[in-house]
Amino acid sequence: MAEDSSPPEGTSGAVGRDIGQILLVIAIVAGLLASAALLPLLPGAGLPGLGLGSDGVGANGSAILPTPVTTASRPATTPPTDSATNGRGPGLSTNMAAGGWIGPGSETGVGGPAPIDALDSSLILTVESERAAYWRADAFRSYTGRTWEKPTETTALADAGVTDAGRTVDGDRLIQTVRLERPNRVLFAAWQPESVTGPDSVQVRSTATGGLLADQTLSAGTTYSVLSYRPPTSPERLRAVAGPVPADVNEPYTALPEETPARLTERVDDIVAGADTDYDKATAIEAWLESSKTYSLTASHPKSVEHVADHFVFEMERGYCEYFASAMAVMLRTQDIPARYVVGYATGEQVGEDGYQVRGYNAHAWVEVYFPEVGWVPFDPTPAAHLGPELQERAQNDTTYQALPDLYTVELNRTAVPGAPVTVTVRQGFRTANGVGVRFNGRTVGTTDASGNVTAVVPYSRNLSISLDTRNRSGAVGGPSGSAVEFNPSMTAPTARQLAPQPQATQAWNVTVPANVTFELDGPPLAGTTVVVTAAIEGHPMRQALVRTNGSVYGRTNATGAIELSLPDDPGRAIDLEVRRNEIVGRTTITVRSATAAAPPLEVAVESAWPLALPGTPATVAVSTNGSPVDGAVVTIDNRTVGRTTNGTLQATLPLAGQATVTARLDDSTGSDTVTGLYRNLGMLALLLGIGVVGAGLLWSRMDPTTGGPTTGLLAALIGLIRAGTNKLVVGALRLWTLWSRLRAELTALLDEGVAGLRDRLDTITGAVRRLSVASLIAWLSGVLAWIRSLLDRSAATSADETGAASTGPDRASRGAIRDAWARLLTQVQPPNPHHRTPGEIARYAVATGHDETAVMTVTNAYRDLVYGPHDPSSGVRESVEGAIEDVATPPSEPTGGEED
């Protein structure tokens, strides 16, 4: 059996332990710091272990979004309950009186008084979303003439996903993060929700009509995230649908009360006459409602009315969203087109680039229409192109007031860069709007086509204001002759963005567009030569821009943003170059150089964003010459172009390599910097991490097992395993290092001496390998395996104790006595280099120097059992050790032989 190889304790053990503990603490701290440094390198770092891909969607196609969730303390107040609203749930008429709050419920009324004073500005939701949307609460299936009702059953979202008859096909992907500003069970989301992430203690359930409901009331401050897929809305797609409507959709969503007046069906037949598709019928009904009725929050109907939708169509001139949405859903059902009534909130007020504040007065109702092969598609028949007369004064005096739902939204397909073409997509409600005039900064640039698109060049202005002119639209929505709506987009990312929808009465706001001009020369600025200077904004040329040199007009740039510049004959002269078009201005200075003088070198410095430069981590490249930043220098990393400097710097990512050569070039001037040791630094961090883990294990292993418990034996065995295993691993690593050192020395000598000594050196290396790797390493591994086996046997024996008697654990007095005896033995024997010898080697030395063999082995065996197991010392062992150490202390006889090998 291989000898144990742990360093023994000596008389200086206390000091050694103190130093060891200090080093252990340092190792643990270093390991924790290394862990924090390495964490961002791990795949999916920062995600809460949800098995997500890079796009936040699980590998199986389902989506659970990694969004932090915080839950504020539950306030003392609670939202209106069903009893407070006469059991009508999320109906808007009653809940408008409660500040526009929408909560859970299975029934809602239609219409009724909605006092303006009840529409306060209480904050309901705060939403972060890259696109504007309506925040849906739920839909209602059954129409009774006075109310809308929906099924009460729900299904756990984790079990079946979002349940809904006639599921909508996936369209544009949209992620929303919603913060509840008032307690609620409803989880509002853009249609159609796919998955939800929220507090771990909350179970999310899906209603039979596609709503999301928590199993408990969520307090104000609760945050959750939703992945939705917006349905297709293009007229071409919806007109082309074919196929039967599923029975579970057709029967419940086309049903009407038997006593529905026949005149309603006859009126709808006239409205949709000539419409060939369900989509054309839906848009005809929507347009008729928008053009025939006006919007008013003071509208109401007599309580005696049995059929509210019929009454609104024939007897009322005004109404608000509940009337419009209910009427459209019922009118569609008269044509056997499945439709349902939906409640929720309009988009709200945009705050920042992706934020929306939704208030009580944004409460809204709209319609969802079913199309075969597509699913449920939202329509909004409420005319919001103008404010009713009773709201005009309030809208003018209160700039935060948005009682009406949003009318138009505008999307740009790219960042709005001056001089670059951009495609504008205009939507009216949920659909694209054709025939809408589009203006850039008050100038008409075109009219939207059938897809709602118009393409135009962004003007050279620091602010871009987009306005829409609907006056020439056929069947224009809103006032009798149409109207104009103002927008101002904030475009800062090179992706399609949806701008905040605005009611007509909302004024436009100013937003800055990119205006940083960069310059590029086609060659070095040598005296007496001509260079071509190109001016651009984010890669787009500044066409027909006025060029000045040293304050004097020089010319204009061509269609590519370039101009030829003749340089003077005198080297060292500075030329101040200015390029201007309208509000966009760019300036730079060109220093003329001698044709015979060497180009000044570029100074390149790479600074890692981390304390250590690691593969794949960000870094800042700074380029300068004579201490001045160099703008427009082309930067390459390992011959791969990564970009140009702006104000002398460029953000880049270090490659996955051991080192990286960063080169900058401007004209004929170059410079470079090499970042070395990337893998070495990564290895150092990994080593520190490993040291920290091992150190934590060592620290834990020093803890004594508690007494009294059936698992004490197993815990003691585990502690022994950590102690012994750590020591053996350290010793094995040292031996491997010794082997490598010898091999390296031999190889070095071989190279120094040449081929002549090859055979002798190979023989020496072979012997070293045999001695170290075969003899020592195999013996070491055998010892480790035997040790693990003994510990497992001991733990199994302890676990098999059926009496349940508590183990008393190692006797502390016995343990102390054994350690004291071992220290006395070392003092008495005084072996050379005791900290580098095993207890067995020390014992053999003691016997060889004349000490009593029986006494020496008694102390040695007790010490080894104490430190490594497998036996706990008892009081009997303590007495034996105390007697044996006295025999060891007896002066030894003359030695008869040397130390054993």
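Entry: I started with E520, which comes out partly exposed at 38% relative accessibility. For my own reference, buried is under 20% relative accessible area, exposed is over 50%, and partly exposed is in between, using a 1.4 Å probe and protein chains only. R644 is also partly exposed, at 34%. The side chains of E520 and R644 meet in a salt bridge, 2.6 Å from N to O. E520 sits in strand β29 (residues 517–521) and R644 in strand β41 (residues 640–644), so this pair ties together parts 124 residues apart in sequence. The term salt bridge here means a side-chain nitrogen of Lys or Arg within 4 Å of a carboxyl oxygen of Asp or Glu. Helices (H or I, at least four residues) and strands (E, at least two) are DSSP runs, numbered from the N terminus.

**Entry: ground rules.** I noted that this is a predicted model, in which local features need pLDDT of at least 70 and side-chain atom pairs count only at pLDDT 80 or more, while totals for chains, interfaces and linings use all residues. Residues are numbered from 1 along each chain as its sequence is written, and side-chain values use heavy atoms, with hydrogens and water left out.

**Entry: the overall picture.** I looked up the secondary structure and got 17 helices and 44 strands. The protein has 901 residues, and buried ones make up 48% of them. I also checked contacts, meaning heavy atoms within 4.5 Å. Taking contacts between residues at least 6 apart in sequence, 66% join residues at least 24 apart.

Entry: How many salt bridges does the structure hold? I get 14. One of them pairs E306 with R146, with the closest N and O atoms 2.9 Å apart. E306 is in the loop between β13 (294–295) and α8 (308–315), and R146 is in the loop between β4 (142–143) and β5 (147–149), so the pair ties together parts 160 residues apart in sequence. E306 counts as partly exposed at 46% relative accessibility, and R146 counts as partly exposed at 36%.

I then looked at R587, which forms a salt bridge with E578, the closest N and O atoms being 3.0 Å apart. R587 is exposed, with a relative accessible area of 57%, whereas E578 is buried at 15%. The pair belongs to a network of salt bridges that links R548, E578, R580 and R587.

**Entry: α6 and α7.** Next I checked how helix α6 (residues 262–271) sits against other helices. Against helix α7 (residues 278–292), the packing angle is about 105 degrees, with the axes 9 Å apart. Axes are lines fitted to C-alpha atoms, for helices over the stretch in contact, and angles run from 0 to 180 degrees between N-to-C directions. The two helices are therefore roughly perpendicular. On the α6 side the contact is made by R267, V268 and I271, and on the α7 side by A284, I285 and W288. By class, that contact has five nonpolar residues, no polar ones and one charged. Nonpolar covers Ala, Val, Leu, Ile, Met, Phe, Trp, Tyr, Cys and Pro, charged covers Asp, Glu, Lys and Arg, and the others, Gly among them, are polar.

**Entry: α6 and α8.** The axes of α6 and α8 come within 10 Å and cross at roughly 55 degrees. That makes α6 oblique to α8. R263, L264 and R267 of α6 make the contact with D310, V313, F314 and E315 of α8. By class I have three nonpolar residues, no polar ones and four charged for this contact.

Entry: Most residues other than glycine have a negative phi, and most peptide bonds are trans. I found a cis peptide bond joining W191 and Q192, with omega about 0 degrees. Q192 is in the loop between β8 (184–186) and β9 (193–197).

N550 has a positive phi, near 50 degrees, and is not a glycine. It lies in the loop between β32 (546–549) and β33 (552–556), and counts as partly exposed at 37% relative accessibility.

N639 also has a positive phi, about 65 degrees, without being a glycine. Its place is the loop between β40 (634–637) and β41. N639 is exposed, with a relative accessible area of 80%.

Definitions and conventions
Angles under 35 degrees count as roughly parallel, over 145 as roughly antiparallel, 65 to 115 as roughly perpendicular and the rest as oblique.
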